[in-house]
Amino acid sequence: MSSRAAWRLESLGFTSIFVYHPGKLDWVSAGLPVEGAAAGIPNLGTVARRDVVTCRLSDQISAVRARMASDPTGPCPVVNHHRIVLGLLRSDAINANGAKTAEEAMISGPVTFRPNVALEEIDRYLTDHKIGHAVVTTPEGELFGLASADDIHRRLSESKAS
C-alpha cells in the first residue's frame, strides 16, 4: 500500500497499516538526476510548481479561500503534517459553502503523477480527461508540486520547437 493510502487510513482511525518501501524506480520518480536516453525527455518535475498553497483536513473552506486569494492559479492539495496528499479541493469547492471543512469538500484520493512522467504522456492524459492540473507527488505520496495543463502544453511546445 502507498504511504498516501496509509496516512489516509490512519486519519480515519485504522491502526494496523503496512507501508511500501521505496525501490530503484523511486530514484527516477523523485525527480533525481538520470543519465541515458530518458535524460533529455522533458518531464513533470521540470514543470511542477513547488510553492503551492495547501490545507489540512480540518481547515474551514473560508480559511482556505482566504489563503488561495494569494495564489488563485489552481486547486488546493489537502495534506497531512508530512505533506502526504490526502485529497484535493477544486476551485468550485473552495468558492462554495465556507462552513464546511476541507475533508468534507475534498475529492479523496485524487489522481497523482510522479515527477518522471513524460510531458507528452501527461499532456495527453489531461486533455483526454479534461483536467486542468496535475498533482505531482513522490512515490511516498508527499506533495512535490502542481503543474497546470497550460504550463505543460507550453513547455512541450517549446521543447518540440528547439
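Predicted model: local features only at pLDDT ≥ 70, side-chain atom pairs only at ≥ 80, totals over all residues.
I take axes as lines fitted to C-alpha atoms, for helices over the stretch in contact, with angles running from 0 to 180 degrees between N-to-C directions. Helices (H or I, at least four residues) and strands (E, at least two) are DSSP runs that I number from the N terminus. Residues are numbered from 1 along each chain as its sequence is written, and side-chain values use heavy atoms, with hydrogens and water left out.

**Entry: overall layout.** I counted seven helices and six strands in the protein, and along the sequence I read the pattern α-α-α-β-β-α-α-β-β-α-β-β-α. Of the 162 residues, 40% are buried, where buried means under 20% relative accessible area, exposed over 50% and partly exposed in between (1.4 Å probe, protein chains only). I then looked at contacts (heavy atoms within 4.5 Å): among those with a separation of 6 or more, 59% join residues 24 or more positions apart.

**Entry: α6 against α7.** I looked up how helix α6 (residues 119-129) meets helix α7 (residues 149-161), and found that their axes come within 10 Å and cross at roughly 140 degrees. That angle makes α6 oblique to α7, since angles under 35 degrees count as roughly parallel, over 145 as roughly antiparallel, 65 to 115 as roughly perpendicular and the rest as oblique. The crossing of α6 and α7 is left-handed, the near helix being turned anticlockwise from the far one by less than a right angle, whereas clockwise would be right-handed. From α6, I listed Leu119, Glu120, Ile122, Asp123 and Leu126 as meeting Ala149, Ile152, His153, Arg155, Leu156 and Lys160 of α7. Sorted by class, this contact has six nonpolar, one polar and four charged residues, with Ala, Val, Leu, Ile, Met, Phe, Trp, Tyr, Cys and Pro taken as nonpolar, Asp, Glu, Lys and Arg as charged, and the others, Gly among them, as polar.

**Entry: the sheet with β6.** I traced an open sheet of three strands in the order β4-β5-β6, with mixed pairing; two strands pair if DSSP finds at least two bridges between them. Its edge strands are β4 (112-113) and β6 (143-148), each of which pairs on one side only. Strand β5 (residues 133-137) pairs with β6 in the antiparallel sense over five bridges; Ala134 stands opposite Ala147 in β6, and Thr137 has Leu143 as its bridge partner there. The hairpin of β5 and β6 has five residues between the strands, and in it Gly141 takes a positive phi near 90 degrees. Six of the six residues of β6 are buried, so I note β6 as largely enclosed by the rest of the structure. Helix α7 lies across β5 and β6 and runs at about 75 degrees to β6.

**Entry: positive phi in loops.** Most residues other than glycine have a negative phi. I noted Arg83, with a positive phi near 65 degrees, in the loop between β1 (76-79) and β2 (85-89), and at 30% relative accessibility Arg83 counts as partly exposed. Lys130 also has a positive phi, of about 55 degrees; this residue sits in the loop between α6 and β5 and is exposed, with a relative accessible area of 76%.

**Entry: α1.** In helix α1 (residues 3-11), I found Ser3, Arg4, Ala6 and Arg8 buried, and their cover includes β2, α5 (102-105), β3 (107-108) and β4. Just after α1, Gly13 takes a positive phi of about 105 degrees.
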